[in-house]
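Welcome, and please load the model in your viewer. We will walk through it one selection at a time.

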Amino acid sequence: MSDPIRVFLVDDQQMVRAGFTMLVDSQPDLQVVGEAGDGAEALEQLRVTRADVVLMDVRMPRMDGVEATRLLVARPDAPRVIVLTTFDLDEYAFAAIKAGAAAFLLKDAAPPDLLNAIRSVHAGDAVVAPSTTRRLLEHFAAALPDAPSAAPTGPDPRLAVLTDREREVLVLVGRGLSNTELAAHLVVAEATVKTHVSRLLAKTSSRDRVQLVVLAYEAGLVG
């Protein structure tokens, strides 16, 4: 049996961390290896604690999750970060995604969704729940510095290298479609969709699928 996925918890509420610890440690393939009450403490502890996935709250004292995520992902062999947000309050969640988080999840998500998110992000997938992606992006789109409503002044240079098909896939990724939904929409095999997404990541120098979503919004392809 392979080693369990090492999870690090960052939240300023001790009861929240305790609840996550019980949930995560109940799974044979997951293990909580540490916790912190704010971003600064997390950065300090993660210098000496190896973790694969970090569950990062956004709103915390001293250092919030946005700044902590930005500094953390800049480190060599950085863990993957899942941003935890309360849908109605955390306008910083999208900024955390731009700072390098691999995914975001609502704090009141069902336990199976949280556990699957950890496994998916560890496996390299950045899309946790397409429906959640769509709702949150709609909620935060107006706050984007380059939102479509701001009327971009010209074509985004990152799109110049894309084929028409790749541009079409980027629009659909920006709308939060999963690979299965993309395959059905385009009437192609899921393996073909994965190839398109891989090429998009390479051509646009995007770190992961979430950055493709950000690009689609910033370039005005999705509104």
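Before the first selection, a word on the elements named along the way: helices (H or I, at least four residues) and strands (E, at least two) are DSSP runs, numbered from the N terminus. Keep in mind too that this is a predicted model.

**Stop 1: the whole chain**

Start with a cartoon view of everything. The protein chain has 10 helices and five strands. Now colour by accessibility: of the 223 residues in the chain, 48% are buried.

**Stop 2: α8 and α9**

Next, select 179–186 for α8 and 190–203 for α9. How do their axes cross? The two axes come within 9 Å, and the crossing angle is roughly 105°. Angles of 65 to 115 degrees count as roughly perpendicular, so α8 is roughly perpendicular to α9.

Show side chains where the two helices touch. On the α8 side, pick Asn179, Thr180, Leu182 and Ala183; the residues they meet in α9 are Glu190, Val193, Lys194 and Val197. By class, this contact holds four nonpolar, two polar and two charged residues.

**Stop 3: the loop between them**

Stay here and click on Val187, which sits in the loop between α8 and α9. Its backbone is worth a look: phi of Val187 is near 55°, a positive value in a residue that is not glycine. Is Val187 buried or exposed? With a relative accessible area of 71%, Val187 is exposed; the cut-off for that class is over 50%.

**Stop 4: Arg62**

Move to another loop, the one between β3 (53–57) and α3 (65–73), and select Arg62. Here again is a residue other than glycine with a positive phi, about 65°. Arg62 has a relative accessible area of 68%, so it is exposed.

Key. Residues are numbered from 1 along each chain as its sequence is written. This is a predicted model: local features need pLDDT of at least 70, side-chain atom pairs count only at pLDDT 80 or more; totals for chains, interfaces and linings use all residues. Side-chain values use heavy atoms; hydrogens and water are left out. Buried means under 20% relative accessible area, exposed over 50%, partly exposed in between (1.4 Å probe, protein chains only). Axes are lines fitted to C-alpha atoms, for helices over the stretch in contact, and angles run from 0 to 180 degrees between N-to-C directions. Angles under 35 degrees count as roughly parallel, over 145 as roughly antiparallel, 65 to 115 as roughly perpendicular and the rest as oblique. Contact means heavy atoms within 4.5 Å. Ala, Val, Leu, Ile, Met, Phe, Trp, Tyr, Cys and Pro count as nonpolar, Asp, Glu, Lys and Arg as charged, and the others, Gly among them, as polar.
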